[in-house]
Amino acid sequence: MNRPLKIGDTVRWRGLWGEAQEEPAEVTGIEIRCIGKYGTEVAEAAWEEVKKHGVVSLANGHWAYGYQVDPIDNN
């Protein structure tokens, strides 16, 4: 996870608060330092920041907390 997460990257997303089977999803927005669902919009962020206090918007119409997404190595 050395490479930052960027808008346009494809991630492995798990719905149902991380309990559903993972699916690929394209990132359309990233917010960090979130309180609840809302934070500071950025174009890219370190995975560590996303995992701790991040929210991502996805092209499939969903959004996810940072713990619900993981990188895909071929981005």
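User: Is R33 buried or exposed, and what is its relative accessible area?
Analyst: This is a predicted model, and R33 lies in strand 3, which covers residues 23-35. Since a residue counts as exposed when its relative accessible area is over 50%, R33 falls in the exposed class, with a value of 54%.

User: What is the phi of R33 near, and where else does a residue other than glycine have a positive value?
Analyst: Most residues other than glycine have a negative phi. R33 has a positive phi, near 55°, and a positive value is also found at L16, a residue of helix 1. L16 is exposed, with a relative accessible area of 58%. For R33 the phi is near 55°, and the other residue asked for, with its phi likewise near 55°, is L16.

User: Which residues make the nonpolar surface patch of about 390 Å²?
Analyst: Two of the members belong to helix 1: L16 and W17, the helix itself being residues 15-18. W17 is exposed because its relative accessible area, 60%, is over the 50% cut-off. Together with Y67, these side chains complete the patch, whose members are L16, W17 and Y67.

User: What pattern does the protein follow when read along the sequence?
Analyst: The protein has two helices and eight strands. Read along the sequence, these elements are arranged in the pattern β-β-α-β-β-β-α-β-β-β.

User: What radius of gyration does the protein have, and what would be the value for a compact globule with 75 residues?
Analyst: The C-alpha atoms fill a box of roughly 25 × 25 × 20 Å along the principal axes. A compact globule with 75 residues would have a radius of gyration near 11 Å, and the protein agrees with this, its own value being 11 Å.

User: How much of the accessible surface belongs to carbon and sulfur atoms, and what percentage of the residues count as buried?
Analyst: The accessible surface of the protein comes to about 4700 Å², and carbon and sulfur atoms account for 49% of this area. Of the 75 residues, those that count as buried make up 33%.

User: Among contacts between residues at least 6 apart in sequence, what percentage join residues at least 24 apart?
Analyst: Contact here means heavy atoms within 4.5 Å. Among contacts that span at least 6 places in sequence, the share that joins residues at least 24 apart is 48%.

User: Which residues are linked in a network of salt bridges?
Analyst: A search of the whole structure finds five salt bridges. One of them joins D70 to R14, with the closest N and O atoms 2.7 Å apart, and this pair links distant parts of the chain, D70 being in strand 8 and R14 in the loop between strand 2 and helix 1, 56 residues apart. Another joins K51 to D70, also with an N to O distance of 2.7 Å, so parts 19 residues apart in sequence, helix 2 and strand 8, are tied together. D70 takes part in both bridges, and the network consists of R14, K51 and D70.

User: Is D70 buried or exposed, and which residues is it in contact with beyond its neighbours within four places in sequence?
Analyst: D70 is found in strand 8, residues 69-71, and it counts as buried because its relative accessible area of 18% is under 20%. R14 is buried as well, whereas K51 is partly exposed, at 26%. Leaving aside its neighbours within four places in sequence, D70 is in contact with V11, R12, R14, W47 and K51.

User: What is the N to O distance in the salt bridge between K52 and E48?
Analyst: K52 and E48 both lie in helix 2, residues 47-53, and are four residues apart, about one turn of the helix. Both residues are exposed. Their side chains meet in a salt bridge with an N to O distance of 3.6 Å.

User: Which side chain is joined to that of D9 by a polar contact of 2.9 Å?
Analyst: D9 sits in the loop between strand 1 (5-6) and strand 2 (10-13), and it is buried, with a relative accessible area of 8%. Its side chain reaches the backbone nitrogen of K6 at 3.0 Å. The side-chain partner in the polar contact of 2.9 Å is R3.

Note on methods:
Residues are numbered from 1 along each chain as its sequence is written. This is a predicted model: local features need pLDDT of at least 70, side-chain atom pairs count only at pLDDT 80 or more; totals for chains, interfaces and linings use all residues. Side-chain values use heavy atoms; hydrogens and water are left out. Buried means under 20% relative accessible area, exposed over 50%, partly exposed in between (1.4 Å probe, protein chains only). A polar contact is a pair of N or O atoms within 3.5 Å; within protein, one must be able to donate a hydrogen and the other to accept it, and residues adjacent in sequence count only if both atoms are side-chain atoms. Patches are made of residues with over 30% relative accessible area and no salt bridge: like charges are joined within 9 Å, nonpolar side chains (Val, Leu, Ile, Met, Phe, Trp, Tyr) within 5 Å. Accessible areas come from the Shrake-Rupley method with a 1.4 Å probe; for residues, only the protein chains shown count as cover. A salt bridge is a side-chain nitrogen of Lys or Arg within 4 Å of a carboxyl oxygen of Asp or Glu. The radius of gyration is taken over C-alpha atoms; the globule rule is 2.2 Å times the number of residues to the power 0.38.
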